[in-house]
Amino acid sequence: MDLTPLWEWFRWLYGATGVKLTIFYDAFDRQRFFDGFLTSVRLQAACLVSSVVVGVVGAWLQGSRLKPVRLAVQGYIQFFRNTPPLVQLYFFYFALGYYLSYMTDEGLRVALVSNFAWAVICLSLYAGAFNVEIFRAGIEAVPKETIEAAEALGYSRLRAYVYILLPLAFRISLPALNNNLVNLVKTTTISYAIAVPEMLYVANQIWSDEVNVPEMMNVLLVIYVSLVGVVVWIMHKWERALRVPGYVS
Amino acid sequence: MSPAGHVTRTEAPLIHIADVHKSFGKVEVLKGVSLDVAKGEVICVIGPSGSGKSTLLRCINALVPIDRGSIVVDGQEVNDPRLDKLQLRRKVGMVFQQYNLFPHRTAIENVMMAPIHVLKQDRREVESRARRLIAKVRLEGKEDAYPGELSGGQQQRVAIARSLAMNPEIMLFDEVTAALDPETVKEVLVTIRELAEEGMTCAIVTHEMGFAREVADHVYFTDRGVIVEHGPPREFFAQAKDPRTRQFLSQIL
């Protein structure tokens, strides 16, 4: 489909009103903004999935019989919940990143972990810490008699967790999880600080070049409202798909 | 109904409980309980609340570890730290007061889950067995209902079918009618009686004295962590010797 007329309309809009949306009619800006958008979506998707995995695994480890394991999970939660995500990101990127790099013969420092990967790691651990607590609350809401019944049927702790405890706890946790994941989608913008070329970073480049800060701000807000809308819609669908007659949520 | 005494007591009992002690914190719940259950025998345990009846059942399938004494189920020492719990729990099915069905799965899935997840049996084979069991507990047509859509009595019968799906040799019933409406108690008791008549070894904790009298080969009365008195139901209910038993029976009958 040829979108040239649409792009030309935005060029006309600029001429007629001064609203400067170069991301539509300037091919270079259009390309870099689109790349930024894709980077943001990839970043968000990766963080959403891995933060839920962190939450699920963490909540299981929290119920471990071994005290050191429980303490380690607790320490992890306290660290990531009680420090600002931006500070964590800097810590990962500048402190840990430095040790995970090497010097080439030409004297160039090469990082083993990319900016994008650091952002995924850091934000997943950050949101994951909250997810552990969210799932724990869900797990505690499952009657212990239900687990006793599973044990009486020969389920091991892991199997009972996978097939019974988690599916039930997950349903109870969904509304709280929903909140945290929406927050995570928005928090991905802080990876701007370590130069991950996501949408905010690219928008900043564009408004520096084109001097169209208000326009780009509005574009960002509209896109973020839509992205969060998509996440909320998916979560809502999910919640409905998991609904069980005669049971919560 | 299996008449009292038809069980040959010569062979080793299927469940052998000797001098079992169990405390929760400072509360000693079992203070030296001993009893034997032969293969095919049906025993009923009665007694006031808090007398340790449910704990005793939970010790048999190792849901509750014992402090002292010995429980041997089909030659397997339950108190052994190297005990293979799965092996034990395959043999011993349990049905609970609150049914404890898995609310996110349908009736038939509840029945099918453990054989598939735990015993790794073939799904199609398990499904046909599950359908037979659902029919056995008279719940045809309810296969795809979720527990939340079933009455208490129906849920309890699903729970019985779920336990039977593991092909146990012993069934433990822990006050399975205590949470039910009076009109649904009967349908559950009928199901248990059929099982007993088929020769299933059953240990039943109950407050239904009429049922105990009818179904049991042997009745045990527990109070404050000890077995006060036991005997075949006809003698037990007609001529209890211990004053505590008599008092309990006079209150409840």
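R138(B) lies in the loop between α4 (123-136) and α5 (152-164) of chain B, where helices (H or I, at least four residues) and strands (E, at least two) are DSSP runs numbered from the N terminus. This is a predicted model, in which local features need pLDDT of at least 70, side-chain atom pairs count only at pLDDT 80 or more, and totals for chains, interfaces and linings use all residues. Residues are numbered from 1 along each chain as its sequence is written, and chains are lettered from A and ligands numbered from 1 in the order in which they are written.

- The phi of R138(B) is near 60 degrees, a positive value in a residue other than glycine.
- R138(B) is partly exposed because it has 14 other C-beta atoms within 10 Å; the cut-offs are 20 or more such atoms for buried, 12 or fewer for exposed, and in between for partly exposed, with C-beta atoms placed from the backbone.
- N167(B), also not a glycine, has a positive phi of about 50 degrees.
- The loop between α5 and β7 of chain B holds N167(B).
- N167(B) has 12 C-beta neighbours inside 10 Å and therefore counts as exposed.

**Strand β8 of chain B**

- Strand β8(B) spans residues 201-205 and is mostly covered, with five of its five residues buried.
- T201(B), A203(B) and V205(B) point one way from the strand, C202(B) and I204(B) point the other way, and all are buried.
- In a regular strand, side chains alternate between the two faces of the sheet.

**Neighbours of β8 in the sheet**

- Strand β3 (residues 42-46) of chain B pairs with β8(B) in the parallel sense over four bridges; pairing requires that DSSP finds at least two bridges between two strands.
- Within that pairing, A203(B) is the bridge partner of I43(B).
- Strand β7 (residues 170-174) of chain B runs parallel to β8(B) and is joined to it by five bridges.
- Opposite I170(B) stands T201(B) of β8(B).
- From β7(B) the chain passes through helix α6 (residues 182-197) to β8(B) in a right-handed β-α-β crossover, meaning that with the strands pointing away from the viewer the path from the first strand over the helix to the second runs clockwise.

**Contact between chains A and B**

- In chain A, 19 residues are in contact with 21 residues of chain B, contact being C-beta atoms, placed from the backbone, within 7 Å.
- On the side of chain A that touches chain B, α7 (144-152) and α8 (157-187) of chain A each supply at least two residues.
- The residues of that side divide into eleven nonpolar, three polar and five charged; Ala, Val, Leu, Ile, Met, Phe, Trp, Tyr, Cys and Pro count as nonpolar, Asp, Glu, Lys and Arg as charged, and the others, Gly among them, as polar.

How values were computed. Two residues are in contact if their C-beta atoms, placed from the backbone, lie within 7 Å.
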